[in-house]
Amino acid sequence: MKIEYPMDEVASEQLGREVYANEFVPRDFFSAQTPADLFNRDAPIELDLGCGDGSFLIQLAERYPERNFLGVERLLGRVKKVCKKAHRAGLKNVKVLRLETLYTVEWLLPKESFHRVHLICPDPWPKERHHKHRLMQAPFFRAVYDLLTSDGEFLFRTDHEEYYKWSVEKMADFPEFLTIPWEEGDFFYPKSDFQLQWEALGKKLHNLRCLKGDVM
Ligand SMILES: C[S@@+](CC[C@H](N)C(=O)[O-])C[C@H]1O[C@@H](n2cnc3c(N)ncnc32)[C@H](O)[C@@H]1O
């Protein structure tokens, strides 16, 4: 059944394709956005990088209606899927941006504006010659650090043990972030369908929680 979406006609014209309710399309992809460009209300913003089918993002948004949530995803089909889910659920606090993660965090999004940044099960690039493509290294850490508010935090979860260990080592070389313990159940943190499938196979997820600023 086709859902009728309120279309953003200007954005649709700009991109030459359908643009969906809950999709965020910057008017200019080469200018840094302001928080007001992202959401039309002043509220804490969380960022989900590589949001996939949106099952994590939507659960968070339903649980915390007083916060805003921006998902970033490079695959158009997935962006559409998340937009549909958000629209069906009547969520006004979710937006989805179709763009590449590193460009988005380094150049597009407003600094010191995000309370939490989530990176959940990103591509582990398992072959050694591809490690240079992994997000979890200094340029990405710097960009995420700069996006966070002074009390903000960065949360990373992976199903790939070797990538997890590699990431912990890279994070140790970035002392601006303070790594703190994160046990299952410490706070509400929903699992995506991808994570549930992984755990159903008896596999483990690895967590890394990094604070910006001084917690003393
Ligand atoms: C393994 S899936 C995990 C999705 C979701 N975080 C979850 O836990 O269910 C990784 C997602 O990141 C997206 N992705 C991978 N590299 C990306 C990039 N450089 N920029 C934006 N999205 C990316 C993929 O298209 C995919 O949807």
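At what angle do the axes of helix H5 and helix H6 cross? The legends below take up this crossing, then the sheet and the ligand. The model is predicted.

**View 1. Helix H5 crosses helix H6.** H5 covers residues 101–108, and H6 covers residues 138–147. Their axes come within 9 Å and cross at roughly 50°. The two helices are therefore oblique to each other. The crossing is left-handed. H5 brings Leu102, Val105 and Glu106 to the contact. H6 answers with Phe140, Ala143, Val144 and Leu147. By class, six residues of this contact are nonpolar, none is polar and one is charged.

**View 2. Seven strands form an open sheet.** Pairing in the sheet is mixed. The strand order reads S3-S2-S1-S4-S5-S7-S6. Strand S3 (94–98) and strand S6 (177–180) stand at the edges. Each has a single partner strand, so one side of each lacks a neighbour in the sheet. On average, neighbouring strands are turned by 20° against each other, direction ignored.

**View 3. Strands S4 and S5 pair in the parallel sense.** S4 spans residues 114–120 and S5 spans residues 148–158. Six bridges join the two strands. Look for Ile120, whose bridge partner in S5 is Arg157. In general, strands of a sheet pair through backbone hydrogen bonds, either parallel or antiparallel.

**View 4. A shell of 18 residues surrounds the ligand.** The closest are Gly50, Gly52, Thr101, Ser192 and Phe194. Two elements give two or more residues to this shell: strand S2 (68–73) and helix H8 (193–200). By class, the shell divides into eight nonpolar, five polar and five charged residues.

How values were computed:
Residues are numbered from 1 along each chain as its sequence is written. This is a predicted model: local features need pLDDT of at least 70, side-chain atom pairs count only at pLDDT 80 or more; totals for chains, interfaces and linings use all residues. A residue is near a molecule or strand if its C-beta atom, placed from the backbone, lies within 6 Å of it. Helices (H or I, at least four residues) and strands (E, at least two) are DSSP runs, numbered from the N terminus. Ala, Val, Leu, Ile, Met, Phe, Trp, Tyr, Cys and Pro count as nonpolar, Asp, Glu, Lys and Arg as charged, and the others, Gly among them, as polar. Axes are lines fitted to C-alpha atoms, for helices over the stretch in contact, and angles run from 0 to 180 degrees between N-to-C directions. Angles under 35 degrees count as roughly parallel, over 145 as roughly antiparallel, 65 to 115 as roughly perpendicular and the rest as oblique. A crossing is left-handed if the near helix is turned anticlockwise from the far one by less than a right angle, and right-handed if clockwise. Two residues are in contact if their C-beta atoms, placed from the backbone, lie within 7 Å. Two strands pair if DSSP finds at least two bridges between them.
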